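Me: Hi! Could you walk me through this one with me? I'll just ask things as they come up.

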Amino acid sequence: MKNTSAAAPHTAAPPLRARLQGVSLQGTPILGALDLNIAPAQWTAIVGPNGAGKSTLLRAVAGLLPLQGHVELFGRPLQQWDPKARARTLAWLGQNEHSSDELKAYEVVMLGRLPHQAWLAGPSAEDHAAVAQAMRQTQSWDWRERPLGQLSGGERQRVLLARALAVQAQLLLMDEPLAHLDPPHQADWLQLVRALAAQGVAVISVLHELNMALQADSLVVMQGGQVRCHGAPEQPETRAALQDVFDHRLHLIEVQGQWLALPFAGATPSQPRPQSATPGSNVLPLKSTHRQP
Ligand SMILES: Nc1ncnc2c1ncn2[C@@H]1O[C@H](COP(=O)(O)OP(=O)(O)OP(=O)(O)O)[C@@H](O)[C@H]1O
C-alpha cells in the first residue's frame with residue numbers, strides 16, 4: 001500500500017513525545033504526570049483496565065483536551081503546528097463516533113482528505129484515489145453510496161477507519177479501532193497496521209483485545225491515570241505489569257513465539273494474589289500444536 005502523504009514530515013524527531021504534568025476533566029484529575037515517547041514506524045498499543053485513562057491519554061496527546069505539560073509532534077510543539085498541516089500529519093479515529101450519519105460513506109471518507117484540499121477547491125483526482133484506496137483497504141467500497149447512519153456497527157467502523165487511512169498521515173491514533181469488527185476484519189486491521197508501520201507510519205491504538213495488543217511492537221500499560229510500563233510484549237516486565245494491572249486474572253501463554261492472554265476465573269481482587277508481579281507469575285509454559293495463521 002502506498003502512502004503518498006504530502007504532509008510527511010522530513011525530520012528525524014520522534015512522531016510523538018509527551019511530557020504531561022496532568023490532565024483534569026471537569027475539575028477531576030484523570031491523568032497524573034507521565035512521559036510518553038513514540039518511536040517511528042512502530043505500532044504501539046495502549047492497554048489497561050476500564051477507567052485507567054487510556055482514551056484520555058490518547059485524546060490529550062492528539063491535542064483534543066486541555067493539559068498541563070508539553071506535547072511534541074515530530075519535534076514541534078503541538079500548538080505551533082498550522083492546523084491543516086497538523087491534520088495531514090496526525091489522523092484520528094475516535095471511539096463510538098456518532099456524527100455524519102446522513103452523509104454517504106464515500107463522503108465520510110472524503111472528510112479525511114479535507115486537510116489536503118485548498119479552501120473551496122473541492123476534491124482532486126488524488127483525493128478521489130486516496131478515498132477509493134482506503135475504502136478498498138477496509139472493504140467498505142461496496143456501500144460507498146449508503147448513508148453512514150444505515151450501516152451496521154462493523155460496517156460503520158470500517159468506513160471510519162477508511163476516513164482515518166485516507167488522510168495518509170505519518171501518525172495514526174485510534175481509540176478502540178476493533179470495536180464491532182468480526183475476527184476476519186480484525187485480522188485485516190492487524191495486517192493493515194503492520195503494513196503502515198513497515199512504511200514508516202507510527203500507529204497508536206487503545207485496545208481492549210489483549211491478544212491483538214500483545215502483537216504490537218510495544219505496549220503502554222496504564223492504571224489509575226498513570227503509565228505503569230512501556231515496553232515490548234516480549235519483555236517479562238511488560239507482561240508482569242499487564243498481570244498486575246489486571247489483578248492477576250490473566251493467563252499469559254506463549255504459543256509459537258506469540259503471547260496470548262486468557263482471562264481466568266480463579267482469583268478475584270478480594271482473594272489473596274500471587275506473591276508478586278515478578279516476571280513469570282501466572283505465565284503458563286505451553287507447547288502448543290496450534291498452527292500459526
Ligand atoms: N468528561 C469527564 N469528566 C470527568 N471524568 C471523566 C470524563 N471523561 C472520563 N472521565 C473519567 O476519567 C477516567 C478515565 O477515563 P478514560 O475514558 O480515559 O478511561 P479508559 O481507560 O479509556 O476506560 P475504558 O477502558 O473503560 O474505555 C474514568 O474514571 C472516567 O470516568
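Predicted model: local features only at pLDDT ≥ 70, side-chain atom pairs only at ≥ 80, totals over all residues.

Me: Which residues are they?
Reply: Around the ligand you'll find L25, Q26, T28, I30, G48, N50, G51, A52, G53, K54, S55 and T56.

Me: And which helix gives the largest share of that shell?
Reply: That's helix 1, with 3 residues. Strand 2 (28-31) and helix 1 (54-61) each supply at least two.

Me: Switching to the sheet: what's the strand order?
Reply: The order is 7-8-9-4-10-11, an open sheet of 6 strands with mixed pairing. Strand 7 (90-93) and strand 11 (226-231) are at the edges with a single partner strand each, so one side of each has no neighbour in the sheet. From one strand to the next, the twist averages 15°.

Me: Do strands 4 and 10 run parallel or antiparallel?
Reply: Parallel: 4 bridges join strand 4 (residues 43-47) to strand 10 (residues 218-223). In strand 10, L219 is the bridge partner of A45.

Me: What does helix 8 touch on the sheet?
Reply: Helix 8 packs against strand 4, strand 10 and strand 11, and its direction makes about 150° with that of strand 11.

Me: Why is helix 8 described as largely enclosed?
Reply: Because 7 of its 10 residues (236-245) are buried, the rest of the structure largely encloses helix 8. The buried ones are T238, R239, A240, A241, L242, Q243 and V245.

Me: What follows helix 8?
Reply: D247, with a positive phi near 55°.

How values were computed. Residues numbered from 1 in each chain as written. Buried ≥ 20, exposed ≤ 12 C-beta atoms within 10 Å, placed from the backbone. Near = placed C-beta within 6 Å. Pairing = 2+ DSSP bridges. Axes fitted to C-alpha atoms, helices over the stretch in contact; angles between N-to-C directions. Contact = placed C-beta atoms within 7 Å.
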